[in-house]
Amino acid sequence: MTDSPLLSADGLHITFPGRRGAPEARAVDGVDLDIAPGEIVALVGESGCGKTTLARSLLGLVKPTAGAVSFDGGPLRYEGRALKAYRKRVQLVLQDPSGSLNPRHTVYEAVAEGLRIHGYAGDEREKVTEALSRAGLRPPERFFLRYPHELSGGQRQRVVIAGALVLDPELIVADEPVASLDASVRGEILALLLSLREELGLSALVVTHDLGLAWNIADRVAVMYLGRIVETGSVEDVLTSPQHPYTQALLSVLPEAGGEPVVLAGEPPDPTRIPSGCRFHARCQVLASGEAERAGVADACRREDLPVLGGTGATQVACHWAVAGAPAP
């Protein structure tokens with residue numbers, strides 16, 4: 001990996017206007033995120049935390065309200081040929097392959113569609129064959145005339161991945177890429193994504209609610225809560241020594257964690273009503289237990305908003321308690 005990121009978000013804000021005079025929703029609220037060439041980053045958080053909106057903005061599908069996205073050293077431009085060229089280099093893989101594939105299109109047509117949209121002038125059959133083979137559908141010709149309903153769930157997801165690979169992208173954004181698959185097939189698809197990184201130098205942003213998946217595939221983890229990145233670092237640092245109480249709570253429910261799961265109070269706040277202070281404080285188990293009070297940061301938790309501040313080693317964390325020197329979990 002090089003020092004220069006392939007894709008960067010700098011101070012990204014995305015707000016949606018409220019209906020009938022309601023407050024605007026701050027779906028993404030000041031996010032910095034880098035992805036290096038050849039790196040896999042897992043973006044993790046509960047449903048409604050803003051991770052899919054952030055991913056769509058990085059794909060050029062949602063224009064940010066403020067901040068900037070840059071790719072390969074240049075700013076992302078949201079119009080015309082520049083955006084079309086960008087979408088060739090950065091491809092999306094959705095969670096539900098059944099919804100991604102037109103049931104009336106054969107596998108060949110599904111994979112060739114991107115080539116036709118981008119006016120590919122080479123040998124279309126050769127490119128489709130290569131993409132299907134790279135996605136693990138071999139021999140590829142056997143799948144050309146098959147329809148999505150004739151395939152297993154894992155095979156359909158491989159067709160979706162082939163449709164992304166056919167354009168030779170440098171980065172893929174995979175939104176819950178294995179959520180609809182059973183456990184054995186999940187492992188196969190994750191192994192495929194890792195092998196593509198090794199063979200092609202492909203970078204990836206994997207959007208997921210599952211920290212266990214992040215452990216199996218990612219180099220780095222970014223944990224998102226209510227529109228903000230609250231902890232980020234290497235997968236080993238974040239998942240073996242989490243510093244933010246939210247990350248600790250997410251990890252506690254994994255089967256391999258042992259001990260009692262942390263049950264968070266209530267649901268994540270509405271993005272139209274983001275609380276003052278740390279946006280996690282109303283659900284924080286550390287504040288509720290009195291640990292933040294003993295560390296002398298309880299008032300700051302309730303009153304002082306904060307970006308990602310710092311932490312131990314290469315980990316960065318947006319938490320007054322963690323930055324004050326909280327004991328490791």
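I began with L92, which counts as partly exposed because its relative accessibility is 32% (buried is under 20%, exposed over 50%, partly exposed in between, with a 1.4 Å probe and protein chains only). The model is predicted: local features need pLDDT of at least 70, side-chain atom pairs count only at pLDDT 80 or more, and totals for chains, interfaces and linings use all residues. Residues are numbered from 1 along each chain as its sequence is written, and side-chain values use heavy atoms, with hydrogens and water left out.

I placed L92 in strand β6, residues 90-93 (strands are DSSP runs of E, at least two residues; helices are runs of H or I, at least four; both are numbered from the N terminus).

Next I turned to cavities. I used a 1 Å grid over the protein atoms alone, where a cavity is a set of points that a 1.4 Å probe fits but cannot get out of, and lining residues have an atom within 4 Å of a point. Grid points are joined across faces, edges and corners, and a volume is the space filled by probe spheres set on the points.

I found four cavities of 30 Å³ or more. Of its 13 lining residues, P245, C278, C284, C301 and C319 are the closest to its centre. Helices α11 (285-289) and α14 (320-323) each supply at least two lining residues.

I then checked the second largest cavity, which holds about 70 Å³ of space. Its lining includes R228, H244, C278 and D305.

Note on methods:
On a 1 Å grid over the protein atoms alone, a cavity is a set of points where a 1.4 Å probe fits but cannot get out, and a pocket is an open set with protein on both sides within 12 Å along at least five of seven lines; lining residues have an atom within 4 Å of a point.
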